[in-house]
Structures are given as C-alpha cells and as structure tokens.
Amino acid sequence: MTTDWWRSAVIYQIYPKSFADADGDGIGDVAGIRSRLSYLADLGVDAIWVSPWYRSPDRDGGYDVEDFRQIDPRFGDVEEAVALIRDAHKLGLRVIADIVPNHVSDQHRWFRAALATTPGSPEWDLFHAVAGTGEGGTRPPNDWRSVFGGSAWDPILDAAGGATGFWFLHLFDATQPDLNWEHPTVRAEFEDILRFWFERGLDGFRIDVATSLIKAPGYPDEHRAPGADAGLSLEVTEGQPQWNRPGVHDVWRAWRRVADEHDPPRVFVGEVWADSPAGLAAYLRPDELHTVFNFDYMMCPWDVDRLRSVVDASLSTAGLVGAPATWVLESHDKPRVRTRFALDAAGRDINDRSGPGEDALGALRGRAATLFMLGLPGSAYLYQGQELGLREVWELPAGARQDPAFARTNGADGLRDGCRVPIPWTDERPGCGFGPTGASWLPMPPDWGAMSVARQDRSETGVLALVRRALRLRRAEPALRSPGMTWVAQEDPAVLVLRRGQSGGDGDVVVAMNLGGATVHLAGGALLAASAPGIQAVDGGVLLPPDSAVWLRG
Ligand code: TEU
C-alpha cells in the first residue's frame, strides 16, 4: 500500500442508509457494510467513501450532523465503525468518511445552546446571526436563497416564540444552520474532529460543500433576478458572496497540516464547484486538498466534442498543480447515469427529472460511460449500485420522498431519493435481500430484484461482470495506473480513442467509446473489455457499435 494510493484509486461511495441492513429495521447500518466488505474487495475497488454516518436527526440524509464523534444509533456506534475500518484494511480497502463543515444540525449542542440565548451572545457567534432589514428586522438580512429553495435565512425567536429581529443563515435546509468559520472555536473543533477519526484509523475525508465556509463581509445582496426562486445554483460565478471566497483556502491549508501529521498521511477529496479552471486548481494546490470531485465530467451530456473537451480541461486543470484528475458519473445527489443518458437520447436535458427516457439506450450508454470512465487516468468514483447498472426510481410516491428540497420547492426539485433506493442484493421479495426482514426505508420497484447482485453474480454479461473485469484490469495493467493519456485521432469524429501507457509500448491499453450512430472498425490488439455483450474482436481490432466502449491491447 503506497501513500499516494489516492492518485489512481477507484473509490466506492456508500450511502449507509441504503447499502445493507444487518438489524432488519429497513435502514442500512455499519454492520451491514462490514458484512459486505468482501463483496467490495472482490469487486476490486481500492477504497470506500461512506456518506455521513454520524448522529443526526436525518433531515437531509445525515448531512445534518448532531455529533461528529458519534455514529448514529441507527447505524451502530464508534466501536463498530472502528471495527469496519480494521476489517477493511485487512482486505486492502481504505476508508474515507464524509465530513460536513459548512453547517450542523439544529440539534447540535452548539445550536441548542445558541437558541437558549439572545443574538449577540458568544453562543450565537458560532453561527451567522444577523439583524434583519425593514422595521424591527422583520425581513431577512439579504436576498440569499437556500440551495434547497426559499430564503437562506430563518428568524431567530426568543424563548416566548417572539421575533428578535435577528435571522440565522442556512445555505441548505432550515435545520442546517451555517457555522461561522471566522470563529477560532469552529476551526479548532473541526481540527479536533479530524484527529478523532484519524486516530481511529480513518484514511481520509470527503469534504461536503468545501467552497462555502467563508461568507462575504457584510452579507451583501446577490441581486438575483426576481422570480429566480429555485435553489441557489452551485454552478458559481465569480464574486458570489457565499462561494469560493479566498479565505476558505486557509481552512484547507490548516486541515492539510493535520492530515500530514499522520502516518501514513491522510487524504481529502473536496466537493468543489468553482467558477473557472484556475479557481478549481486553487483547491488542489500541494498544501490544500488532494483531489476534488469533477462535476463538469458528471454533468457532461452524450456529446463527443463536449466529452473530449471536459476530459482535456480536467487533466490540464489538475495538472496545473500536479494533482490527479478525478472522474465521477453518479452520486447520492444525481439521477443514475443510465437514466440521465436515456433522457439525453430522447433529446431532453440530462437533469430533467419529469419522467423516464429511453431506458434500453440509456442502459447501453450507461455501461459504455462507466467503462470509458474507468479507463481514464486519475482516480474514479463509483456510487453504490452503479456496478449493477441500477436505474433512477422516478416513480417514488411523493409521500415516500425525504429529500428536504422536495418540500422546499413544492416538489419542483429535490428528487434525490430516486438514486437512494436500497441496494438489491438478491431477487427475493420483499426487500431484495437488503436486510433480514424485507423492510426498506424507500419502496423498491418491481424490476429491482432482476438487477440484484445475486442475479448478476451468475451472469457473464451483466454490468457487475463488466465492472469487475475493468477493475481487475486496472490492477493488472500498469498502463491503466499511469498518469497520462494521449488521444488517437480517428476518421469518424464521433469516436473517442485514447491510449494509456508508453505510447507504442507493449503494455499499452487503448480505451475507446463510440458516441456516434454508425459501427466503426477500430484498430488494435486483443479485446480486453467490452461494454456490451456481442462486441467481437475482428482481425486487427474490433467492430465498435454505437453507444459502446471497449478496452483493447494497444
Ligand atoms: O451537496 C451539495 C449540494 O449543493 C447539492 O445539494 C447539489 O446542489 C444538489 O444535489 C443538486 O442536485 C452536498 C451533499 O452531497 C448533499 O447530499 C447535501 O444535501 C448537501 O451538501 C448539504 O449538506
């Protein structure tokens, strides 16, 4: 195990509520994760990233943390988490956890203490308690919107429930008050939390909303267009008062020092949306975060020119500061890749969540995109169930939905539950093997069992077999772990072909994807992996049909 494992790692994201339920309450847990570690080791990933597992009222899927030094009792306890880390290490898997520094739960001891005082108190200084505007402060301090819809401010009430004229800031749900990162107590607390978990063996953290900790002094208005009531977009523009303020980099420098105090050094991946390549690269400087998520890649539609330029821009941006690029297609916040590309195929926006697209085509493109992604240089993320080719569950009834943005936008947004439906481990109903009782916190659709691990375990043509094969090759082929790539020009401009390795060396691997409408002959050596069954090697290469990807010996 080398210390720069993160430069080429494949990291598997676990959403603990939905991964595996050991105690039968319909909610995943740490024991469930432990029981499936050998599945993950066998899959061939290098690390797991566990979405928040801390004590939480669960108003935002655990991103509303009540206590960072406790595991939520529904998930287990710290002892069990430490056992998980130990078990994972024995299997050669690293463990990263989420950390949420921008805000805490309104049940966090600091916020409860603040509520018991009046604004101006030292307790309120840990948050953003700001005088309202208008007579008696009856209107919010400024025009900032919550990412989840509505105002980013809620009134602070006194003990009798009366108005104080002050408001607290929440860039997300009203149950997630933003912390004041200008305050030394906040900084010291989080450094202590990092050490708490590093001492327990954790290999690193995924940092939630790593751009927003510092707010512009004086809380200036944003002057958003009237009627722009949907959530505040994280696709930032320069000079916004909440995101990417220069001071945030001091926080990451301090965290990096804490990570580097440990042996082996611990690592960070930041959830960063920046306004420019240089803005993104700033987070990746050698004394800040090791890696950041690549949302441009995730949001790229099925379009050959855009895909090529996103790959180029990602590599050059990270390369500016000697960081590896990262690649991601799915997470707990976005519709499943198969479903996004199905929409794309129907000529709709990949973020349109108003109903399904053409699933068969989406399924082909989803497989191809996953294989192509795993062939790119750098580190890649797989979200639980992506290896099964799961689809987005559109049809969840409104009453089952728990994403807080759903309620804050009257159902116009906040459809993030459809990618959080628990994992089907078997095809047995009810519950598809998620837990011992058949219970599941979100309902599973009728086709869920057909995509289960048990079903695909027996198949050589499923998505699971494809991902296993790709990850095995990534380990076996040094070319696939090397840092660079070169594009190989093609006659058909709709086909992307790249070479990994020495350029002409024996061990080179060629990675190709056909985003066009015609089958093409692709020159190369032995067929190493193909995104769809039926793709055959032919003399001197392969016939690559539309919507498919391959890896060939170079
Ligand atoms: O997400 C940041 C974020 O703003 C996302 O909500 C994103 O804008 C949205 O999903 C668009 O689809 C992180 C976590 O990943 C998310 O789960 C949390 O809800 C959020 O932070 C608040 O902690």
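**Entry 1: the ligand**

The model is a predicted one, in which local features need pLDDT of at least 70 and side-chain atom pairs count only at pLDDT 80 or more, while totals for chains, interfaces and linings use all residues. Residues are numbered from 1 along each chain as its sequence is written, and side-chain values use heavy atoms, with hydrogens and water left out.

I then looked up polar contacts, meaning pairs of N or O atoms within 3.5 Å. An N or O atom in the side chain of D60 is 2.6 Å from an oxygen atom of the ligand, a polar side-chain atom of D333 lies 2.4 Å from a ligand oxygen, and for R416 I noted 3.0 Å between a polar side-chain atom and an oxygen atom of the ligand.

Next I traced an open sheet of five strands, in the order 14-15-16-21-18 with antiparallel pairing; strands are DSSP E runs of at least two residues, helices are H or I runs of at least four, and both are numbered from the N terminus. Two strands pair if DSSP finds at least two bridges between them. The edge strands, each pairing on one side only, are strand 14 (486–487) and strand 18 (527–530). Six bridges join strand 15 (residues 495–500) to strand 16 (residues 509–514) in the antiparallel sense, and L498 has V511 in strand 16 as its bridge partner.

I also noted that helix 14 packs on the sheet, where it touches strand 18 and strand 21 (548–553), and that its direction makes about 140° with that of strand 18. Contact means heavy atoms within 4.5 Å, and angles run from 0 to 180 degrees between N-to-C directions, with axes fitted to C-alpha atoms, for helices over the stretch in contact.

**Entry 2: helices 11 and 14**

Which helix comes within 10 Å of helix 14, axis to axis? I found helix 11 (residues 359–374), whose axis crosses that of helix 14 (residues 463–476) at roughly 10°. Helix 11 is therefore roughly parallel to helix 14, a term for angles under 35 degrees. Among the residues making the contact are R367 and L371 of helix 11 and V467 and R474 of helix 14.

Technical notes:
Angles under 35 degrees count as roughly parallel, over 145 as roughly antiparallel, 65 to 115 as roughly perpendicular and the rest as oblique. A polar contact is a pair of N or O atoms within 3.5 Å; within protein, one must be able to donate a hydrogen and the other to accept it, and residues adjacent in sequence count only if both atoms are side-chain atoms.
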